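Here are a few exercises to work through with the model open beside you. Try each task before you read its solution.

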Amino acid sequence: MDIIWLRDFEALVACKNFSRAAEERNVSQPAFSRRIRALENEIGVRLINRETLPLTLTPAGEVFLSQSRIMLRTYEETIERCQTIDAASENVIRFAASQSLYMTHYKTLIAPLVSEDGLETDLNSTSWAADQFVSALQQGYCDVILTYWHPSMDFLGPLEVANFEYLTLSTDRFVPVSRTLPDGTPEFNFTASGKDAVPLLSYGAVSALRSVQEFALEQLLPRQKVFVVNQNALANSVKAMIEEGFGMGWLPLSLCRREIGTGRFAVVDDRLSTDLEIRLYRDPRSTKSTLDVLWKQLRHAAVNAA
């Protein structure tokens with residue numbers, strides 16, 4: 001299958017007209033039509049309903065549209081990864097971190113050391129699923145990942161099995177918080193009986209923090225009833241929903257310390273808090289001398305902090 005056909009198909013879906021789509025793709029209409037037909041022959045089904053004006057997709061075409069977008073995104077990400085790896089020099093250390101860890105730990109703990117040593121970094125602050133960080137490090141797309149760690153997490157298991165090196169940079173606290181009422185008490189709280197369901201702003205299945213939230217919930221005795229209002233992959237998104245008063249949720253303390261200090265947030269029940277480690281992982285087989293230098297500096301900083 002030619003990747004050009006997928007782009008042609010997307011253009012046709014957007015334009016709903018062969019002539020306009022052919023013009024957008026800078027090709028003659030007969031040639032464009034032949035490429036769409038070739039795509040349908042390759043798939044073995046009709047994707048376009050040509051009897052309607054404007055053009056519509058067949059049921060099979062609707063399914064293929066969603067899958068073709070995934071294929072194009074994967075293709076583009078693969079090219080980007082290959083180009084990044086090819087362009088990486090000995091002096092560039094490629095980090096991958098979640099948005100929350102970039103804001104709370106990379107800028108304060110790592111960036112100053114990078115600047116002090118005159119090193120150059122390429123930071124990918126991303127909303128990847130948890131296991132994508134692992135595969136990125138395994139495949140050499142990045143040199144270091146900055147991640148949360150908790151005993152309930154299992155997505156980092158492949159790195160530990162393969163003896164990837166890590167160091168604990170610092171610790172954080174995972175706390176259940178709610179927006180406050182005028183009297184300073186939490187707007188949402190757990191009841192003694194656990195009978196009243198509490199609105200929960202949860203983490204999605206792809207989030208590294210999902211298993212930690214579930215671990216915290218299991219500590220409730222008797223089990224507190226909750227109903228999930230929303231699920232997000234990012235702690236920043238959960239925080240934004242808490243700020244709007246949609247419910248309570250768990251956040252790294254470093255991400256909400258200011259709001260707690262000013263009284264905008266309150267900890268719902270500190271007995272349901274748990275510790276998080278902030279870890280850096282690297283492949284010990286890396287030959288980058290600059291990474292060795294930074295790693296020693298980070299280990300020294302972590303020891304001093306402890």
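**Exercise 1.** Which residues does Leu 253 touch, not counting residues up to four places away in sequence?

*Solution.* A word on the ground rules: this is a predicted model, where local features need pLDDT of at least 70, side-chain atom pairs count only at pLDDT 80 or more, and totals for chains, interfaces and linings use all residues. Residues are numbered from 1 along each chain as its sequence is written, and side-chain values use heavy atoms, with hydrogens and water left out.

Step 1: with contact taken as heavy atoms within 4.5 Å, Leu 253 touches Asp 172, Arg 173, Val 175 and Ile 260.
Step 2: The C-alpha atoms of Leu 253 and Arg 173 are separated by 5.2 Å, though the two are 80 residues apart along the chain.
Step 3: Leu 253 has 22% relative accessibility, so it counts as partly exposed. The scale runs from buried (under 20% relative accessible area) through partly exposed (in between) to exposed (over 50%), using a 1.4 Å probe and protein chains only.

**Exercise 2.** Find out whether His 105 is buried or exposed, and list its contacts.

*Solution.* Step 1: look in helix α5 (residues 99-116), where His 105 is found.
Step 1: its relative accessible area is 5%, so His 105 is buried.
Step 2: skip the neighbours within four places in sequence, and His 105 is in contact with Ile 110, Leu 146, Ser 170, Asp 172, Ser 254 and Ile 278.

**Exercise 3.** Describe how α1 packs with α3.

*Solution.* Step 1: two packed helices are described by the angle between their axes and the distance between the axes.
Step 1: helix α1 (residues 3-15) and helix α3 (residues 29-43) pack at about 110 degrees, with their axes 9 Å apart. That makes α1 roughly perpendicular to α3, a label for angles of 65 to 115 degrees.
Step 2: on the α1 side, Ile 4, Trp 5, Leu 6, Asp 8, Phe 9 and Leu 12 meet Phe 32, Arg 35, Ile 36, Ala 38, Leu 39 and Glu 42 in α3.
Step 3: sort the residues of this contact, and you get nine nonpolar, no polar and three charged.

**Exercise 4.** Which residues of helix α8 are buried, and what do they pack against?

*Solution.* Step 1: in α8 (residues 210-217), the buried residues are Val 212, Gln 213, Ala 216 and Leu 217.
Step 1: these residues sit on the same side of α8, because they cover an arc of only 140 degrees around the axis. The arc is that of the directions from the helix axis to the C-beta atoms.
Step 2: their partners are β6 (165-179), β7 (198-203), β8 (226-232), β9 (249-252) and β11 (274-282).

**Exercise 5.** Where do Lys 16 and Asn 163 lie, and what is phi for Lys 16 and for Asn 163?

*Solution.* Step 1: Lys 16 is in the loop between α1 and α2 (18-24), while Asn 163 is in the loop between α7 (157-161) and β6.
Step 1: phi is near 60 degrees for Lys 16, a positive value in a residue other than glycine. For Asn 163, phi is near 60 degrees, also positive in a residue other than glycine.
Step 2: Lys 16 is partly exposed at 39% relative accessibility, and Asn 163 is exposed with a relative accessible area of 60%.

How values were computed
Helices (H or I, at least four residues) and strands (E, at least two) are DSSP runs, numbered from the N terminus. Axes are lines fitted to C-alpha atoms, for helices over the stretch in contact, and angles run from 0 to 180 degrees between N-to-C directions. Angles under 35 degrees count as roughly parallel, over 145 as roughly antiparallel, 65 to 115 as roughly perpendicular and the rest as oblique. Ala, Val, Leu, Ile, Met, Phe, Trp, Tyr, Cys and Pro count as nonpolar, Asp, Glu, Lys and Arg as charged, and the others, Gly among them, as polar.
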